[in-house]
Amino acid sequence: MKCQGIIFDLDGVICFTDEYHYEAWKRMADDMGIPFDRQVNNRLRGVSRMDSLEIILEKYEGPALSQADKEALAAKKNDIYRESLARMSPADLSAEVRETLEALRAKGLKLAIGSSSKNAPFILERLGLGNFFDAVSDGNCITRSKPDPEVFLKAAEFLGLAPEACVVVEDAVSGAQAGRAGGFAVACVGDACAAGTGDWNLSAFSELLERV
Ligand code: B16
Ligand code: MG
């Protein structure tokens, strides 16, 4: 089926907030005396906030934590993370991404976001993309995290397109798996490329223009 829509993951595809996630989780983990490094941080790519916390807590050795304790820890991390997001601006959107998005739209394609992040609307606003996409499916719309395909299926539904008519662009292995599980063609960038989970790897974001 001809490609009629593209669903973009946000963190790691449109923008790069990895370092902000790392710094915020690191501060929370240090306060709790939990070992946390970039290797663990890499496992959090595309994973929801509460599932990310569970991964970090694998190395926690203190007294048992209640659900309320865990929610407080996740909220603390999110407050620190949002301080960094608040300092973002349209200058954090690369010219390559901006120009490619505009060229894809000029080709008549529908464009959506499919992100695990509950902060997606805030990030898009900071980047100057608050009203750009035809649909935004994010962590606020779903009950199951990637690699479940829910977030991408919702995005396709919002666009009024079948999964077979859409390409998903992802940087996380869990996200590429989610795309495949939903019946989408998947283009990988960054980390996801090495795993070979997608249908093809992009060496540059602008290469999308040659593929769709
Ligand atoms: P939040 P994506 C994901 O975004 C991030 O990759 C992941 O590291 C983060 O834990 C998740 O969003 C939830 O983010 O705490 O802002 O709701 O890559 O799916 O756009
Ligand atoms: Mg991502």
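Student: Before we start, what does buried area mean for two parts put together?
Tutor: Buried area is the accessible area, taken with a 1.4 Å probe, that two parts lose on being put together, summed over both. The model here is a predicted one.

Student: OK. Which parts is this protein divided into?
Tutor: Domain 1 covers 5-15 + 89-211, and domain 2 covers 18-85.

Student: And how much area is buried between domain 1 and domain 2?
Tutor: About 1100 Å², with carbon and sulfur atoms giving 44% of that.

Student: Which residues of domain 1 lose the most area to domain 2?
Tutor: Asn119, Phe122 and Ser145, which together account for 38% of what the domain 1 side buries.

Student: How many residues are in contact?
Tutor: On the domain 1 side 13 residues, and on the domain 2 side twelve. The centres of the two domains, taken over C-alpha atoms, are 24 Å apart.

Student: Switching to polar things. How many salt bridges are there between domain 1 and domain 2?
Tutor: Two salt bridges. Separately, the rule finds seven residue pairs in polar contact across the interface, with both residues at pLDDT 80 or more.

Student: Which element gives the largest share of the domain 1 side that touches domain 2?
Tutor: Helix H6, residues 120-126, with three residues.

Student: And how do the residues on that side of domain 1 divide into nonpolar, polar and charged?
Tutor: Three are nonpolar, four polar and six charged.

Student: Back to salt bridges: what does Asp171 pair with?
Tutor: Asp171 forms a salt bridge with Arg45, and their closest N and O atoms are 3.8 Å apart.

Methods: Residues numbered from 1 in each chain as written. Chains lettered and ligands numbered in written order. Predicted model: local features only at pLDDT ≥ 70, side-chain atom pairs only at ≥ 80, totals over all residues. Heavy atoms only, no water. Domains from an automatic or database assignment. Contact = heavy atoms within 4.5 Å. Salt bridge = Lys/Arg side-chain N within 4 Å of Asp/Glu carboxyl O. Polar contact = N/O pair within 3.5 Å; in protein donor to acceptor, adjacent residues only side chain to side chain. Helix = DSSP H or I, 4+ residues; strand = E, 2+ residues; numbered from the N terminus. Nonpolar A, V, L, I, M, F, W, Y, C, P; charged D, E, K, R; others polar.
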